[in-house]
Amino acid sequence: MMTDMVETVTSEEDDRHDFIRDKVRSDLANGIVKQVVTRFPPEPNGYLHIGHAKSICLNFGIAQEFGGRCNLRFDDTNPIKEEQEYIDAIEEDVRWLGFKWDGQPCFASDYFETFYGYAVHLINNGKAYVDDLSPDEIREYRGTLTAPGKPSPHRDRSVAENLDLFAKMRDGAFKNGEKSLRAKIDMASGNINLRDPVLYRILNAKHPRTGDTWCIYPMYDFAHGQGDAIEGVTHSLCTLEFQDHRPLYDWFIENLPVPSRPRQTEFARLNVTYMVLSKRKLIQLVKENHVSGWSDPRMPTIRGLRRRGVPAAALRNFCKLIGMTKSDKVIEYQMLEFCIREELNKSAQRRMAVLEPLKVTLTNYPEGETEWLDAVNNPEDPDGGSRQVPFSRTLYIEQADFMEDAPKKFFRLSIGREVRLRWAYFITCTDMVKDADGNVIELLCTYDPATKGGDAPDGRKVKGTLHWVSADHAVDAEIRNYDHLYTRPDPGAEGDPMDDLNPDSLSIATAKLEPSLTEIPVGETVQFERQGYYCVDPDSTTDKPVFNKTTGLRDSWAKAQKTG
């Protein structure tokens with residue numbers, strides 16, 4: 001279980017304008033609705049992903065912005081795929097994102113008896129019938145996008161016969177797939193969803209909440225709109241794939257004695273480069289062990305993003321920035337990274353960690369002596385305080401911060417050059433030690449005791465500032481560096497997304513950390529100075545800290561190399 005802190009989003013004025021918010025404003029101004037009621041209606045058959053985060057932010061956000069309420073409703077109409085584990089996880093994810101639903105969570109299963117009554121109402125009005133066709137035969141009879149369907153031979157059963165058969169379906173008289181209840185609408189409709197859709201199917205399966213009470217279950221299309229109506233939802237916000245279902249949604253509302261008349265509005269679903277959000281493909285990733293589980297930091301699930309160290313506020317801001325549109329588009333992953341960096345730059349404490357250590361010996365520093373230097377926790381936060389870091393004769397710096405034959409614009413360490421050690425002293429490299437293969441394994445340097453704190457009394461300047469850790473006090477830690485799960489921004493564009501998996505999406509290294517990093521709690525993200533943002537993983541222990549890379553920082557030297 002994730003243990004990072006849960007924050008709560010407070011209601012505030014929001015002057016954003018998009019087609020959904022403008023519609024809500026209009027409905028309120030014209031008295032069409034008195035109070036805005038929305039809902040987030042996940043199916044409890046999997047874990048939420050970043051696409052769900054967009055819907056959560058929209059539905060809960062709309063309710064907050066306009067003084068309304070938002071329900072959390074589980075559309076638990078398929079007992080074969082639903083588990084309490086998913087229900088608990090979804091509730092936890094919504095809370096972590098900072099939102100609270102109105103009252104207790106709702107469930108479609110709360111309304112099963114009402115739905116059954118609605119089905120009987122349709123039968124009594126000659127608008128539903130019990131069909132004996134198998135699921136495959138129903139698909140065959142339905143026709144295609146270019147050819148009309150043909151009526152079932154059972155379409156004209158009498159009301160009495162349909163009522164009797166439907167009651168027997170409920171009583172368990174038939175096997176799975178032996179019969180179904182269908183709406184009687186229009187088999188020649190240009191909208192294939194109106195060609196006598198199935199309302200109820202037989203599923204002899206135990207339901208997580210209702211147990212063995214029912215052996216027939218409503219289809220999602222039948223339960224969804226009626227659940228909205230029962231709960232008084234005013235604005236039923238769905239992604240674009242439900243646009244063709246809207247005429248069916250409206251048909252049910254018009255032909256049933258529902259207590260309210262919600263209206264469905266569609267918006268574009270979220271697509272992000274280097275991500276696949278198909279539930280089927282995500283399940284495949286987990287089952288085939290391409291990832292360690294649903295909370296793997298490479299996964300686009302909310303749990304995976306949390307474990308990677310992405311703040312809830314960054315996800316909310318990302319959803320705000322991408323806005324609401326009526327047409328599908330692909331969002332660059334860099335926009336998500338921007339939101340992550342922007343939030344963590346303000347909130348994350350700074351620490352020093354050396355990922356590829358190179359030993360430094362200060363030849364003029366007293367042997368056996370240790371100083372404790374004051375280091376600011378976050379320069380962006382005046383109230384962030386400071387900490388003590390140990391300094392000694394032997395240190396570690398990054399291998400990349402030394403170059404034997406350094407060009408003019410390399411402002412880090414080289415023979416004869418002086419740099420600043422963060423929060424410490426100026427040091428000058430005087431010599432180096434190599435191994436038998438010619439690799440530099442140690443630098444011999446001198447330090448200037450007059451520059452304690454990082455400034456020279458004589459006013460001389462240095463252009464390079466390096467992070468470091470004291471070798472005598474360094475803590476070894478496992479660092480999990482994550483890259484994109486896929487090698488291309490549009491996985492599966494030329495076939496199966498599995499063919500585009502990145503074999504180097506995870507690399508594990510051992511780093512040297514300043515000792516205060518052992519005190520960071522699981523789930524908190526810090527900035528390794530000059531490196532990037534890293535989050536304490538749940539696998540972490542006092543003896544063996546484990547950090548996940550959230551995202552990197554911009555590297556001015558790497559940028560200079562790329563531009564020549």
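Strand β17 (residues 394-398) pairs with β22 in the antiparallel sense, over 2 bridges. This is a predicted model.

**Sheet**
- β17 and β22 belong to an open sheet of 7 strands.
- The strand order is β21-β18-β19-β20-β14-β17-β22, and the pairing is mixed.
- The edge strands are β21 (465-466) and β22 (469-470), each of which pairs on one side only.
- In general, strands of a sheet pair through backbone hydrogen bonds, in either the parallel or the antiparallel sense.

**Loop residue I192**
- I192 sits in the loop between β5 (180-183) and β6 (198-202).
- Its relative accessible area is 27%, so I192 counts as partly exposed, a class that runs between the 20% limit for buried and the 50% limit for exposed.
- Leaving aside residues up to four places away in sequence, I192 touches R142, G143 and T144.
- L145 is 47 residues from I192 in sequence, yet the two C-alpha atoms are 6.9 Å apart in space.

**Nonpolar surface patch**
- L321, M335 and F338 form a nonpolar patch on the surface.
- Together these residues have about 270 Å² of accessible area.
- L321 is found in helix α11, which covers residues 312-322.
- With a relative accessible area of 46%, L321 is partly exposed.

How values were computed. Residues numbered from 1 in each chain as written. Predicted model: local features only at pLDDT ≥ 70, side-chain atom pairs only at ≥ 80, totals over all residues. Heavy atoms only, no water. Helix = DSSP H or I, 4+ residues; strand = E, 2+ residues; numbered from the N terminus. Buried < 20%, exposed > 50% of the residue type's maximum accessible area, 1.4 Å probe, protein only. Contact = heavy atoms within 4.5 Å. Patch = residues over 30% accessible without salt bridge, like charges linked within 9 Å, V, L, I, M, F, W, Y side chains within 5 Å. Areas by Shrake-Rupley, 256 points an atom, 1.4 Å probe, with all protein chains shown as cover. Salt bridge = Lys/Arg side-chain N within 4 Å of Asp/Glu carboxyl O. Pairing = 2+ DSSP bridges.
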